[in-house]
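I opened the model today and kept notes as I went. The entries follow in the order I looked things up.

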There are 2 protein chains.
Amino acid sequence: MLRFFLEEQMVNEMKQNMISAQIKRERKAVQVESLKWELGYSAEQNQQPDKFIPAVVPGSVQLDIARDANYPDYNYADNYRLFRWMEDMYYTYRTKFDLPNLKSNEKLWFVSKGIDYQFEIYFNNKLIHAQEGMYVAVELDLTSYLKQSNVLEVKIMPAPKRFAFPEDKKQASHVTKPPVSYGWDWHPRLIPLGIWDDTFIEIRNTSFVNDVYVDYELSDDFSVADIKLKASAVLENEHPYRWELKDAEGYCVLSSEGMMESLLDVALTLKSPKLWWPHDHGVPYLYISSFYLIDNNGEVIQSVKNKIGFRKVQLVMNEGAWDEPAEFPKTRSVPPAQIELNGRKIFAKGTNWVNPEVFPGIITDERYRELLDIVVATNFNIVRTWGGSIINKASFFELCDTLGIMVWQEFPLSCNHYPDDSAYLTLLENEARAIIKRIRKHPSLMLWCGGNELFNSWSGMTDQSLALRMLNALCYELDRDTPFISTSPLFGIAHGNYVFRWKGQEVFEMMNKSHHTAYAETGLPGISPLETLKRIIPANQLFPPQEGTAWEDHHAFNAWDASVETWLCQDILKEYMDPAKSIEELIFQSQLLQSEGYKAIYEAARRQKPYCSMVLNWCFNEPWPTAANNSLLAYPSVPKPALAAVRDACRPLCASAVIYKFVWHENELFTTDLWFLNDSLQVLADQRITVSLQAGNEKLLVSEWKVSEVKPNMNVAGPTISCKLPSWNVQFFKLIVEVQEDATFNAEYTLIYRKGKN
Amino acid sequence: MLRFFLEEQMVNEMKQNMISAQIKRERKAVQVESLKWELGYSAEQNQQPDKFIPAVVPGSVQLDIARDANYPDYNYADNYRLFRWMEDMYYTYRTKFDLPNLKSNEKLWFVSKGIDYQFEIYFNNKLIHAQEGMYVAVELDLTSYLKQSNVLEVKIMPAPKRFAFPEDKKQASHVTKPPVSYGWDWHPRLIPLGIWDDTFIEIRNTSFVNDVYVDYELSDDFSVADIKLKASAVLENEHPYRWELKDAEGYCVLSSEGMMESLLDVALTLKSPKLWWPHDHGVPYLYISSFYLIDNNGEVIQSVKNKIGFRKVQLVMNEGAWDEPAEFPKTRSVPPAQIELNGRKIFAKGTNWVNPEVFPGIITDERYRELLDIVVATNFNIVRTWGGSIINKASFFELCDTLGIMVWQEFPLSCNHYPDDSAYLTLLENEARAIIKRIRKHPSLMLWCGGNELFNSWSGMTDQSLALRMLNALCYELDRDTPFISTSPLFGIAHGNYVFRWKGQEVFEMMNKSHHTAYAETGLPGISPLETLKRIIPANQLFPPQEGTAWEDHHAFNAWDASVETWLCQDILKEYMDPAKSIEELIFQSQLLQSEGYKAIYEAARRQKPYCSMVLNWCFNEPWPTAANNSLLAYPSVPKPALAAVRDACRPLCASAVIYKFVWHENELFTTDLWFLNDSLQVLADQRITVSLQAGNEKLLVSEWKVSEVKPNMNVAGPTISCKLPSWNVQFFKLIVEVQEDATFNAEYTLIYRKGKN
């Protein structure tokens, strides 16, 4: 079954369409294809598995077992509970292969980009490696152990647990494994184990390059890139190298050649580099770096290709932030949250990205692509890859580079008190070093963050926590020109709220009076589409939703704070509308609140520009189908209506109206404030804006506003408009803001109408 | 003139009185005594000085020139301006000595603990060293350059200036030199240059130890110290070593011996270590570490002695801080500011320490001792060594260790925007490494801080500034168990106010309504005592004080914010009292406000315990005699009346009354709230407290309060007391709170009385 092949030279890729992401691996030398893996398990560490079953690599032990034993879909009802026993087993992955045909200057390597989580590797029954941590890649030279017939085994320990009880995320507070899989308010308890990223054996020359890093610093006016070409290699003999930088059109703009040393560090200068921009500010321009290790006959031993984008990112002070606080005794000004990219202040509109699958082993390039295409289509320019989930695979970052999506990258810490002890610090340092070295190469990387909500009471970590001081130190050492923050939220940055109405306050009021530099998480729930519900909830439980049913397993009840019914929130819906009489009506009500709430959040945050510089909703996607969740997409990628509302609220240019409250009464004075929002570099003149109220077919023109000038990247505050609400026979009415010159700038809001007095 | 002497063995010091500080140097081997130095200067770098004059080392070039040329006292009037030209000269220190008698296993070293600021060292006309930075010690092996007659020269560059204009602290925003000497609101522009710390040549064995560091970690219950004995050495041959740890009584409690390697790292365990405490919480217990490098005949080549104190310090969350903020959208909780020492939360009462002299070269051990004795006598347990000044010399820290004074240690950055550029970062890293390695050994060290007011608008640095990220990384690398903060104030920590009345609010109101975890700087000015004024102000200018005179040179006018007359504040005095008719009356008025204001500040902060955990006034001392300043001492160590007020307000146990305002009127309802403050571990029962108002000889008993229990380290809030103010013929009255059981707990406040209506 072993088949060796020489990888095709990717000559044409240099001229590819920059938008179409063509995923490539950094290192593709001579590779062994399709190792056939088997999996066994046992309850005790030293016990041999009873049997071996076919295994898919990358994947997870749970999915292999479920496939083999015909488990029902874990997404349905409470089937995920059937997987509970698998947390505590010992697993053995096994593969066999015959002696490959190695030349005298070749060696055979075993490479795995990720094994989850604590494991040992045996080759021909000899322990050759042991590791804790899923982010440090494994690279093992097998050559000296090779026999005619070979057996490679990866033995994986049970899921790590700091304490036996309670069974929750705290069990993962001493490891780099994503705590989310120990159970979250939108994630079942399902703890993946297994080989989760690309894994193969490959034949390498005795001399090979193991890292190429094109580090650079842009001059203050961005006209020159001072490049440091850094490469490291294992060299049996002296070898020449050649490095070429080609632009997106395929022209070589810079090159270097010489003799390779084990650590190469060459200074080069690129004049007038084309800059990388997020998709809504320019072209995410990428160059191609090709590094060739050459043998003494002039033939290429190895080529390493990377895409390179040139950009300078800083977190700078938000406008007005230096003026606060004003009074004595006074504390410090807030830390900066404003992204400045290539000298331009970018209003960051985006979303919190969570693991796209419960089992990271099955995330494909296509799965990332599907979701990231929606990110772009929603007018988002940034994703925060939330610290409770996995660190994404290589293709995630390659796609963000290509699509022009900025990335706020967190380390794998979330909502826990990670300890100051040396064992954890050593583990985290090793993993973080691997993470930083892998991701720092990507122009889409805007921000390193120590993890999620670590400075809040439920986590209990502080600025003094050694894990965070160490991560700051490591980022300084390895990638000091990319901003670092210890956690989210920081001082001045807000998170929450997470429901439409909280302690008597609606999302409108909360957002309108809020004064923050950034919103790192904010959102509100919507029930999943009916098709999703039918996939996960037995038909006889579908309506009305009840606690103790599949609704609760899928986070509709008792998921989060007990003061509201999370995430179904029927208690909140009943404040506004008659109790739903069908599942369809319930979904409509919930999705209406989610849509209007999200619209208000994004627009309010945008109106707070320039003091406010960022808004990210909680959250974008989900790793399994929930019954109700703050996500904009139901698993796998099904848009809720709120997605379109958010897409519209994030248009670079659009009209906007302040919503003061959701319910309005007959004869009440309806009031709103008009705005014209502009995050683009476009300039507009003389826009005529009309404001109407529409109830059923009746449309009432309320006012007009003439906007003489819309300046680039600046909002325009317009007039306050009032109008006594007429007598209508409707449950809802619409506020419609129309821009006569360009209907694509129009805005529309649905509100609740009530007969009679307030 | 060369005389070699073998230093006395300090056998008896092990039994010394722990309170009496006996200063010792770490390394005293065979030493060359009293090098005779000369100084010359020139306007151009390559120009030879016209002449050489006698120089005092350590000292400063300015003082040598002033001494030689009979300059008038720089403290008087505006004489400091005469020194202005010296900033821009090139200086040459020169010393000559004959070939010493070196054995085959000996070498001659030049050692300087500090040369200010940028310099080159020439030996026998050969450039052997060049350096920028005053904190990296110079250690140079002269042996290979030795001749029969030798000339050693230290050539010092002009004071560094980032820009030529304006002539202010910003000129020092790219260096580690104290910015204060470029001019501050209480410091003249006088920029020291020269050799500022101990400097000598010494004969060393070819093998010698250059650092001994007794690192340790205390167990959670403080019953065991896991010691890492770390030593580094330059070794010509293999040598045995012996290390002994003796307790304060002279008993050896731990020892180690073996063969010395160039890097020694030995793990040892000390059971039941006696802990180090600040003077008001226990005994600042010190052990003595003696490290001996031994030759093959068993004789000691070198001994290195250190005092070691065992303590564990953490910054932990202030009580109640996790509960804030409460509302959504919410930002993070404040960072911790509560010192926890050996498991005990310590309320930190102290002061901001500035450079005790304009010229650091003349600071002696005795000068430090004089000031630090006053710190202890004022019931202070902490000093913040402010980042605008120098990093103190060794004896400062040795005294703090011995006297039981906690130290908040800042790096040399203050009120400037220090750049992200590599030249500055490299310089700062080198200096900071030297600073950390020197100071981390001291048990009095509680906190590293990046510098002063860097996150405020006038500095413009942020959490992203590379200098501060680098300092965090360095402290993590070299001393990770000591807390680190980036700057002061941090979020939750306050600074200011700095005058009695600010924008209509009195210090009383500001402090009573303030809600902060710590006060890092707060204070108000007092005029210096008359004797001090007479030393600095010409007799004909003494009264009334006027702008443009020596009063202004000494910071009485136009020193700080223009909205008040800083620091004389006659505008504020006139709000309360008739304009003073004599200098004596003016001093009385100013010192009255300073005393009552300081009393209110310290007591208010203490009443805010446990949320508040620290109060430090701005400032303790001053480096030259000011006319008016927030300091408690006039230069050199003359107490203002406010010192006694602060001493009383900081008594571990005392009564306290809330002062709501300074001026009270006839027939007005006088109101106060009573408290009993306790920062000690003492317990009191059944204290009877009486409250009286006294006007002239008339004393009116207002109320009584019986305190049934005062618990350790906890305050007791008492009743609110009101009383209609009678008709008096006085300008002032006193609120007197008397504790019948112990008059040392009494409190007393002076307030202003006015006839007629409010």
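Which residues is B:Pro336 in contact with, leaving aside its neighbours within four places in sequence? I found A:Thr462, A:Gln464, B:Leu315, B:Val316, B:Met317 and B:Asn318. I counted two residues as in contact if their C-beta atoms, placed from the backbone, lie within 7 Å.

**Ground rules.** This is a predicted model, in which local features need pLDDT of at least 70, side-chain atom pairs count only at pLDDT 80 or more, and totals for chains, interfaces and linings use all residues. Residues are numbered from 1 along each chain as its sequence is written, while chains are lettered from A and ligands numbered from 1 in the order in which they are written.

**Confidence.** I checked pLDDT, the predictor's confidence in each residue, from 0 to 100. Chain A has a mean pLDDT of 94, with 95% of its residues at 70 or more. Residues 1-30 of chain A are below 50, and this stretch has 48 contacts in the model beyond near neighbours in sequence. Where pLDDT is low, the predicted coordinates should not be read in detail. For the model I noted ipTM 0.94 and pTM 0.95.

**B:Pro336 again.** I placed B:Pro336 in the loop between E21 and strand E22 (338-341) of chain B. Helices (H or I, at least four residues) and strands (E, at least two) are DSSP runs, numbered from the N terminus. B:Pro336 is buried, with 25 other C-beta atoms within 10 Å. The cut-offs are 20 or more other C-beta atoms within 10 Å of a residue's own for buried, 12 or fewer for exposed, and in between for partly exposed, with C-beta atoms placed from the backbone. From B:Pro336 to B:Met317 is 19 residues in sequence and 4.2 Å in space, C-alpha to C-alpha.

**The two chains.** How many residues does each chain give to the contact? I read 43 from chain B and 43 from chain A. On the side of chain B that touches chain A, the elements giving two or more residues are strand E21 (313-316), helix H5 (466-479) and strand E29 (493-495) of chain B. H5(B) gives the most, seven residues. That side of chain B holds 22 nonpolar, 15 polar and six charged residues. Here Ala, Val, Leu, Ile, Met, Phe, Trp, Tyr, Cys and Pro count as nonpolar, Asp, Glu, Lys and Arg as charged, and the others, Gly among them, as polar.

I then superposed the copies by least squares on the C-alpha atoms of residues with pLDDT of at least 70 in both. A rotation of 180 degrees with 0.0 Å of shift along its axis brings chain B onto chain A, RMSD 0.0 Å. That is the relation of a two-fold axis. In chain B, the C-alpha nearest the axis belongs to B:Ala473, 2.2 Å away. Of the interface residues of chain B, 100% are also interface residues in chain A, so the copies meet through the same surface.

**H5 in chain A.** Helix H5 of chain A has 14 residues and reaches 19 Å from its first C-alpha to its last. That is close to the 20 Å expected at 1.5 Å a residue, the expected span being 1.5 Å times one less than the number of residues. Eleven of the 14 residues of H5(A) are buried. Among them are A:Leu466, A:Arg469, A:Ala473 and A:Tyr476. The buried residues of H5(A) pack against helix H4 (422-439), strand E27 (445-449) and strand E28 (484-485) of chain A, together with H5 and strand E28 (484-485) of chain B.

**H3 in chain B.** Is helix H3 (residues 394-403) of chain B mostly covered or mostly uncovered? H3(B) is mostly covered, with nine of its ten residues buried. They pack against strand E20 (300-308), helix H2 (365-377), strand E26 (406-410) and helix H4 (422-439) of chain B. B:Gly404 follows H3(B), with a positive phi near 75 degrees.

Most residues other than glycine have a negative phi, and most peptide bonds are trans. I found a cis peptide bond between A:Asp116 and A:Tyr117, omega about 15 degrees. Another cis peptide bond joins A:Gly496 and A:Asn497, omega about -5 degrees. A:Cys415 is not a glycine, yet its phi is positive, about 55 degrees. A:Cys415 is buried, with 23 other C-beta atoms within 10 Å.
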